[in-house]
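Hi,

Here is the model I promised to pass on. Have a look at it first, and my notes follow below.

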There are 2 protein chains.
Amino acid sequence: MKRIKCIIKYDGTNFSGYQVQPKGRTVQEELEKALKKIHKGEKKSVIASGRTDARVHALGQVIHFDTHLDIPPANWKRAFNAVLPEDIMVKKAAIVSSNFHARFDVVEKEYHYFLSTEKEKNVFIRNYAFHFTHHLDLQAINAACKLLEGEHDFSSFCAAKAGVKGLKVRTIYHASCYKDEEKQQIEFVFKGNGFLYNMVRILVGTLIEVGRGKRQPSDIIDMIEAKDRSVAGKTAPAQGLFLWNVVYNDDCG
Amino acid sequence: MKRIKCIIKYDGTNFSGYQVQPKGRTVQEELEKALKKIHKGEKKSVIASGRTDARVHALGQVIHFDTHLDIPPANWKRAFNAVLPEDIMVKKAAIVSSNFHARFDVVEKEYHYFLSTEKEKNVFIRNYAFHFTHHLDLQAINAACKLLEGEHDFSSFCAAKAGVKGLKVRTIYHASCYKDEEKQQIEFVFKGNGFLYNMVRILVGTLIEVGRGKRQPSDIIDMIEAKDRSVAGKTAPAQGLFLWNVVYNDDCG
């Protein structure tokens, strides 16, 4: 048996999320359907680095699966892409040690979130960014970002109905916000050792309120302390969120 | 009765085209449904500058309709956008003379066609550009473009099954091709007094063959002379095409 690791990208628009669910099209089900086809009907399970919600996109989702087929990695990419639907693509495939685990071995996850600041709503971008035209103070947002970095209990930034087991302590290695005047977009970048349910979207919603002057950057400290979802900001919409990259130990890329 | 002219944009991805048809969602039907709502159930007909095919987009489609409602233009835009689906938007609304006709008064139409030259297929752009990575000689393409400009019988560049009535003579005022290295895209621009069925897409398919060295720029002259669809190139796919702008006499914009 060989263990194959794939880096995949998908347009989340027409999915109810990554994880298989009773109703609705999912990325996982399309991946497993494609693998089953390649394996001539043999059922295959796919393990991912983590789930993404309905309409959330991925540029660097990572999955692994086991196979007895003797196909070189470059051909895995071609074979997989040949049977996948048009909104999912394999970027890279590699044979990894049977010890590799797409979910348990994650060392860092990176998410980006996009705002479209075009005055007129851009219909062509509507599924890939949150249309937001109010003025935002990026200096204030980045000051707040600095206060988010580090190891904290992020309970205030975890969806209330999450039922997340265990500690809500995570480490954010990097948080920042950049405005691209030419592209008329604002891009948030978050890197951390893991993110709670809806955490990035709640962080973005909160940082937007800081950018609008409704909160001070220093409020972040109180919000973290409170360990109470109701003190943080609104959850930003799903379509602006991209799972950008997942890092592993000894990452052969 | 007032005649209202609207400039509208739409994402053609989830439409079977502009014109109402027995099966499939159309832009026209959504516009008329929205207008009927605004007119409290009264049926309204919408006239457009012309049709667009399934999956073809518009940034500057023009429509007109007649109304007895006394709504200022700015409010027309707001009211219309409030009831339209998310993939259609009114950019501008204006009260025009009852002589204005969105289709018969067209003086110039402008189309843009996009190629995505990213090495890896970009799933997020798949509905808005034709993914094309082979090398293209832009100098040759632009030389061919110059030969397309002017008044010609474009029968060779009209879809065979079109059943286009009347002369296939049209005037191309401008044809060009530009590569944006940063955006990793190639953009074709065409301006003319009118375009035959599938004409822009057939022109693009033909110009791509010139860019690949499969034809010489001077072949354009022979292709025009032949008045035979089979001598021109393949029809480029619909999703790269955008109806960019429509110009009228005394255009108040």
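A salt bridge here is a side-chain nitrogen of Lys or Arg within 4 Å of a carboxyl oxygen of Asp or Glu. One of these joins the side chains of A:E86 and B:R126, at 3.0 Å from N to O. In total, the rule finds 6 salt bridges across the interface of chain B and chain A.

This is a predicted model, in which local features need pLDDT of at least 70 and side-chain atom pairs pLDDT 80 or more, while totals for chains, interfaces and linings use all residues. Residues are numbered from 1 along each chain as its sequence is written, chains are lettered from A in the order in which they are written, and side-chain values use heavy atoms, without hydrogens and water.

Back to the interface: 24 residues of chain B are in contact (heavy atoms within 4.5 Å) with 24 residues of chain A. By class, the chain B side that touches chain A has 10 nonpolar (Ala, Val, Leu, Ile, Met, Phe, Trp, Tyr, Cys and Pro), 4 polar (the others, Gly among them) and 10 charged residues (Asp, Glu, Lys and Arg).

The lining of the largest pocket has 18 nonpolar, 7 polar and 18 charged residues.

Best wishes
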